[in-house]
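Thanks, everyone, for making the time this morning. I would like to walk you through one protein model, going from a single side chain to the chain as a whole, and then to a few side-chain pairings.

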Amino acid sequence: MKFTMIPIGLLGLFIVSAFADYNININDDGNTAGSGQQTVSVNNEHNVANIDNNNGWNSWNTLWDYNTGFAATRIFDKKSCIVHKMKTDVMPSIQALDALVKEKKGKGPRKPSPKGLMYSVNPNQVDDLSRFGKNIAGMCQGIPTYVADEIPRANLFFYVRKCYSADILWILNISFCGSTVENN
């Protein structure tokens, strides 16, 4: 009886660790003035990735919910939250993000150049956060929340002065443009 319990216990340990979330800290020297740190947390069980950019008042937090297909970025100095559809042909899958972060841990930025996405932020606040799922609703609850739509590449020059950048490690550059995030 004891011998059969050991393999079952070890199997349970392996299964739990395969679905567990973990944190990977990576100093991102590409941040303004070479300061700041990003932390990536991947929760395979809930199919969610969380990226924290810790850089004083210029900090932000991004949540990618692969189950709902929505992403949200909470911008601390703007005291707002921006929700957008995940662009799956540009944003890495949770498995690819997991592999990229593990592979590059501690190595810093690498080529090829990151992909870029630009969004136009609708100035009307969202009234019902539940349509984005419980993870995003929980992150954005209690702060002004806006929806953003992707801007086609042909229109990038129009928004240059009204954008807030949230660069995800060396993987993805995301810009949010519009009066709700306009830099002072």
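Asparagine 53 is buried, at a relative accessible area of 3%, where buried stands for under 20% relative accessible area, exposed for over 50%, and partly exposed for what lies in between, computed with a 1.4 Å probe on protein chains only. This asparagine 53 sits in strand β3, which covers residues 48-54, and its side chain makes a polar contact with the side chain of glutamine 38 at 3.1 Å. By polar contact I understand a pair of N or O atoms within 3.5 Å, in which, within protein, one atom must be able to donate a hydrogen and the other to accept it, while residues adjacent in sequence count only if both atoms are side-chain atoms.

Before going further, please keep in mind that this is a predicted model, in which local features need pLDDT of at least 70 and side-chain atom pairs count only at pLDDT 80 or more, whereas totals for chains, interfaces and linings use all residues. Residues are numbered from 1 along each chain as its sequence is written, and side-chain values use heavy atoms, with hydrogens and water left out.

Now to the chain as a whole. The protein has three helices and 10 strands, taken as DSSP runs numbered from the N terminus, with helices being H or I over at least four residues and strands being E over at least two. Along the sequence these elements follow the order α-β-β-β-β-β-β-α-β-α-β-β-β. Of its 184 residues, 42% count as buried. If we take the contacts with a separation of 6 or more, residues 24 or more positions apart account for 52% of them, a contact being heavy atoms within 4.5 Å.

How many aromatic pairs are there in the protein? The count comes to two, with rings of Phe, Tyr and Trp (its six-membered ring) paired if their centres lie within 6.5 Å, and with planes under 30 degrees apart called stacked, over 60 edge-to-face and the rest tilted. Phenylalanine 70 and phenylalanine 132 have ring centres 4.9 Å apart and planes at 80 degrees, so this pair is edge-to-face. Because phenylalanine 70 lies in strand β5 and phenylalanine 132 in the loop between β7 and α3, the pair ties together parts that are 62 residues apart in sequence. Tyrosine 119 is buried at 2% relative accessible area, and phenylalanine 176 is buried at 0%.

Finally, the charged side chains. A search of the whole structure finds two salt bridges, each a side-chain nitrogen of Lys or Arg within 4 Å of a carboxyl oxygen of Asp or Glu. Lysine 87, partly exposed at 25%, meets aspartate 89 at 3.5 Å, N to O, and aspartate 89 is exposed at 56%. Lysine 87 also forms a salt bridge with glutamate 150, the closest N and O atoms being 3.4 Å apart. That pair links the loop between β6 and α2 to strand β8, 63 residues apart, and glutamate 150 is partly exposed at 38%. Through shared partners, Lys87, Asp89 and Glu150 are joined into one network.
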